[in-house]
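Visitor: I would like to understand how this protein is put together. May we look at the structure and go through it step by step?

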Amino acid sequence: KRITTFGSVQNLTLVSNATTAEATATKGDIVMTYTNAAGTATLNTDLTAEFSANNGTDWTSMTLVVQGNTGSASPHFIVAAHNVTAGTSGTVMKYRIKTLNQSGTKETRIQAVSLGWS
């Protein structure tokens, strides 16, 4: 992960370990949960997702869409992107998630991520 510090709040770049697909992947799916510890993250601006089918040589941006939330007092938002066509196909899959524009008034926390492909 790469961290950029703004006081005590940090921008993060999270890159998954590589997973080898059984066949060449041409599309990717991602599902994740996050919370707003402070402020409100704007999807695809303050919280972004990408996937790679060639071990991180090339990345394809994914447009995240809210699918729901846990409904608690501090909800975990469920977001996803489905059937995103890979910029470059391959068999070595990774995801990359970034929290951006973090500050003393905006803090985004990622809880769980799942990457799928076809």
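Visitor: Is glutamate 50 buried or exposed, and what of arginine 96?
Guide: A residue counts as buried under 20% relative accessible area, as exposed over 50%, and as partly exposed in between, with a 1.4 Å probe and protein chains only. By this scale glutamate 50 and arginine 96 belong to one class. That class is buried.

Visitor: How far apart are the closest N and O atoms of glutamate 50 and arginine 96?
Guide: The model is predicted: local features need pLDDT of at least 70, side-chain atom pairs count only at pLDDT 80 or more, and totals for chains, interfaces and linings use all residues. Residues are numbered from 1 along each chain as its sequence is written, and side-chain values use heavy atoms, leaving out hydrogens and water. Glutamate 50 and arginine 96 form a salt bridge, meaning a side-chain nitrogen of Lys or Arg within 4 Å of a carboxyl oxygen of Asp or Glu. Their closest N and O atoms are apart by 2.7 Å.

Visitor: Which strands hold glutamate 50 and arginine 96?
Guide: Strands (E, at least two residues) and helices (H or I, at least four) are DSSP runs, numbered from the N terminus. The two residues are 46 apart and link distant parts of the chain. Glutamate 50 lies in strand β4, and arginine 96 in strand β7.

Visitor: What is the relative accessible area of arginine 109, which meets glutamate 107 in a salt bridge?
Guide: The N to O distance between arginine 109 and glutamate 107 is 3.0 Å. Glutamate 107 is partly exposed because its relative accessible area is 24%. Arginine 109 is also partly exposed, with a value of 44%.

Visitor: Over how many bridges do β3 and β8 pair?
Guide: Two strands pair if DSSP finds at least two bridges between them. Strand β3 pairs with β7 in the antiparallel sense, and threonine 19 stands opposite methionine 93 in β7. Threonine 35 stands opposite arginine 109 in β8. The pairing of β3 and β8 is likewise antiparallel, and its number of bridges is 10.

Visitor: Which residues does glycine 116 touch, not counting those up to four places away in sequence?
Guide: Glycine 116 is placed in strand β8. It counts as partly exposed because its relative accessibility is 23%. Contact means heavy atoms within 4.5 Å, and the residues touched by glycine 116 are Lys27, Gly28 and Asp29.

Visitor: How many strands does the protein have?
Guide: The pattern read along the sequence is β-β-β-β-β-β-β-β. The protein has 0 helices, and its number of strands is 8.

Visitor: What percentage of the residues count as buried?
Guide: The C-alpha trace spans about 45 × 30 × 20 Å along its principal axes. The protein has 118 residues, and the buried share of them is 39%.
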